[in-house]
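Work through the exercises below with the model open. Try each task before reading its solution.

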Amino acid sequence: MNSFVYDIPVKVYFGENQLGNLGKELAKYGKRVLLTYGGGSIKKIGLYDAVVEEVKNAGLELFELSGIEPNPRIDSVRKGAEICKKENIDVLLAVGGGSTLDATKFMAAGAFVDHDPWAFLSEWAPIAKALPIVTILTLSATGSEMDCGGVISNPETNDKIGRLAPPLLPKVSFLDPTVTYTVSPYQTACGSADMMSHIIEVYFNMNKDLYMLDCFMEGMMKTIIKYTPIAMKEPENYEARANLMWTSSWAINGFVNGGKQQEWTCHPIEHELSAYYDITHGLGLAIVTPRWMEYCLDETTVSKYVQFGVNVFGIDADLEPMEIAKKSIEMLSDFFFKTSGLKSTLTEIGIDETHFDIMSKKACENSVLMGFKPLNQQDIKKILQMCL
């Protein structure tokens, strides 16, 4: 069992009617606020007007950057960083899902450097500091509201790269489940697949670690499986939306990692899919994850599948281990593709083998992904082929 450090100092306002605290929280960091958001859905649900009112009532000066894309582009980050410099922004307010939050994090860091923000990702340029960030979450999925990471795409190079850096951690996050009532069934399903993958990337690990963390992860996975179909059918079910929203944060804020140490695998593979084809991240993960599990299953790893199948899906523990393992993969697939209604293959969403060689090479950085089971370029290509 490895030692570890856990330090996530994000102040969270969770629940309804918390927006009245926004102005005072922003004011702690200065007077000039850059509001960032995506395609305008926050205006349709009235959140934009509520946010603007709170900011102005606090006597703060507001600047805006809209149009942040799903799979956020480096161009949006560049625009935001330039606004921060030009307007002497004190604090950034990201209102939206993970894409808006991720882009805003790198804008906050870009405000302090002269180089292109893409260097943070392509060259691992140092991230020594960033402007303070406050978030208002509108989609339960990525967990960006409570972690120090982000993923940015560069369409010019077909790259999608993620990075963690402590200065990118939000100072305050507002999590109101009612704001997610208008999230479509499809996006709800994709968000839940993203959460499941965040947990699975840590849970499927042969390193001996704290028993309580595995129990915690199993509880979160059962929560996602229980409440996703409810939220899809009853979009204004507060209990369902609240459970999914809080699970989103805790699935990836570092708590479940404990002392486990291994690379993630499904995310690097999916990042190549959305880098080349701009697909929804959660959908890509739903398609990749069961095939990755199938590929990694053997006598040396089967015990983890048994634990997963018995404790998460309630499979009979008296069955043969390999039978339990295969059934657990089948039940996860059923959750993604039957219960949640997501497409089950790359072929169905118009993706073929054209770029598999270069995607596989980039996913493992022309080396080996040291994950649950080490994977080289050929292994990754086979997994992608299993997804067709």
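**Exercise 1. Decide whether S173 is buried or exposed, and find what surrounds S173.**

Step 1. S173 has 0% relative accessibility, so S173 counts as buried. The cut-offs: buried is under 20% relative accessible area, exposed over 50%, partly exposed in between (1.4 Å probe, protein chains only).

Step 2. Helices (H or I, at least four residues) and strands (E, at least two) are DSSP runs, numbered from the N terminus.

Step 3. List the neighbours. Leaving out residues up to four places away in sequence, S173 touches V10, K11, V12, Y13, T135 and E145. Contact means heavy atoms within 4.5 Å.

Step 4. Look at E145 again. Its backbone oxygen is reached by the side chain of S173 at 2.6 Å.

A note on the basis: this is a predicted model, where local features need pLDDT of at least 70, side-chain atom pairs count only at pLDDT 80 or more, and totals for chains, interfaces and linings use all residues. Residues are numbered from 1 along each chain as its sequence is written, and side-chain values use heavy atoms, with hydrogens and water left out.

**Exercise 2. Locate T178 and identify its contacts.**

Step 1. T178 sits in the loop between β8 and α7.

Step 2. T178 counts as partly exposed because its relative accessibility is 22%.

Step 3. Beyond residues up to four places away in sequence, T178 touches E16 and Y238. T178 and Y238 are 60 residues apart along the chain, yet their C-alpha atoms are separated by 6.7 Å.

Step 4. Check D176. The side chains of T178 and D176 are joined by a polar contact of 2.7 Å. Such a contact is a pair of N or O atoms within 3.5 Å; within protein, one must be able to donate a hydrogen and the other to accept it, and residues adjacent in sequence count only if both atoms are side-chain atoms.

**Exercise 3. Find the residues with the most contacts inside the largest nonpolar core.**

Step 1. This core has 68 residues. A nonpolar core is a set of buried Ala, Val, Leu, Ile, Met, Phe, Trp, Tyr and Cys residues joined through side-chain atoms within 4.5 Å.

Step 2. F204, W292, Y305 and F308 have the most contacts inside the core. Helix α7 (residues 185-203) gives the most to this core, with nine residues.

Step 3. Take F308. Among the residues F308 touches are Y203, F204, M221 and M293.

Step 4. Another core lies apart, with 28 residues, including L34, F63, V77 and I133.
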